[in-house]
Amino acid sequence: MRYNLSNGGLVTILNNKIYITDIKKFTGTYIIGSGHQKQLDGLFWFMNCDDSYIYYSDQKRENYLLRFNICTESTEVIVESPCYGVIFIDGCCYYINERDKKLYRYSLSERKGEVIADNNVLCFFAGGDTIFYSTDRGIYCCTLKGEMREEISDVPGVGLIALDEKIFLQTKKTTIF
């Protein structure tokens, strides 16, 4: 899965099992499949998958970035900092740090994080090999590695989405196409 933010990453499917987070009673995250249900302790937000893992921000663990091994059902802390809007692309997790509001890229193979954008990032999304992100000064884009930054609008957006090669943004007052 490239990324899973449309539902807050609260639901995902991997290997014919549904992973769903209970945000009504905050009891945990459930695995449903093959005629049984199992409750996990964590509150998984922004779930993104590869073949063996689910990457997520865990509300029960200070919103740290974790990964859940679907075979062993074990968890591992990846980033000990609160993460928002986690997406997983080509072996890297992208997220906004809730403390400093910067956009980060964490390479799982290198076990290293780096800042992609350091200007109070409000929201972001990835389209192709480009990341689009909004700050309080406007909307910018750059490569997945944070290179070739370019301002594309001086209007900040509180929500960004792409559809049919167009960017839609939500401002505090209106939606712009």
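Me: Two strands are said to pair if DSSP finds at least two bridges between them, a strand being a DSSP run of E with at least two residues, numbered from the N terminus. What makes β2 and β3 a pair?

Reply: Strand β2 and strand β3 (residues 29–33) share 4 bridges in the antiparallel sense, and because the definition asks for at least two, they pair; within this arrangement isoleucine 20 stands opposite tyrosine 30 in β3. The model is a predicted one, in which local features need pLDDT of at least 70 and side-chain atom pairs count only at pLDDT 80 or more, whereas totals for chains, interfaces and linings use all residues. Residues are numbered from 1 along each chain as its sequence is written, and side-chain values use heavy atoms, with hydrogens and water left out.

Me: How do you know that β1 and β2 pair, and what lies between them?

Reply: Strand β1 (residues 11–14) and strand β2 (residues 17–21) are joined by 4 bridges in the antiparallel sense, with lysine 17 as the bridge partner of leucine 14. The two strands form a hairpin with 2 residues between them, and asparagine 15 in the turn has a positive phi of about 50 degrees.

Me: Why is the link between lysine 60 and aspartate 41 called a salt bridge, and which parts does the pair tie together?

Reply: The closest N and O atoms of lysine 60 and aspartate 41 are 3.5 Å apart, so the pair meets the rule, which asks for a side-chain nitrogen of Lys or Arg within 4 Å of a carboxyl oxygen of Asp or Glu. Because lysine 60 lies in the loop between β6 (53–58) and β7 (64–69) and aspartate 41 in the loop between β4 (36–40) and β5 (44–49), the pair ties together parts that are 19 residues apart in sequence.

Me: What makes arginine 61 partly exposed, and which residue does its side chain meet in a salt bridge?

Reply: Arginine 61 has a relative accessibility of 28%, which puts this residue in the partly exposed class, since buried means under 20% relative accessible area and exposed over 50%, with a 1.4 Å probe and protein chains only. Its side chain meets that of aspartate 41 in a salt bridge at 3.8 Å, N to O.
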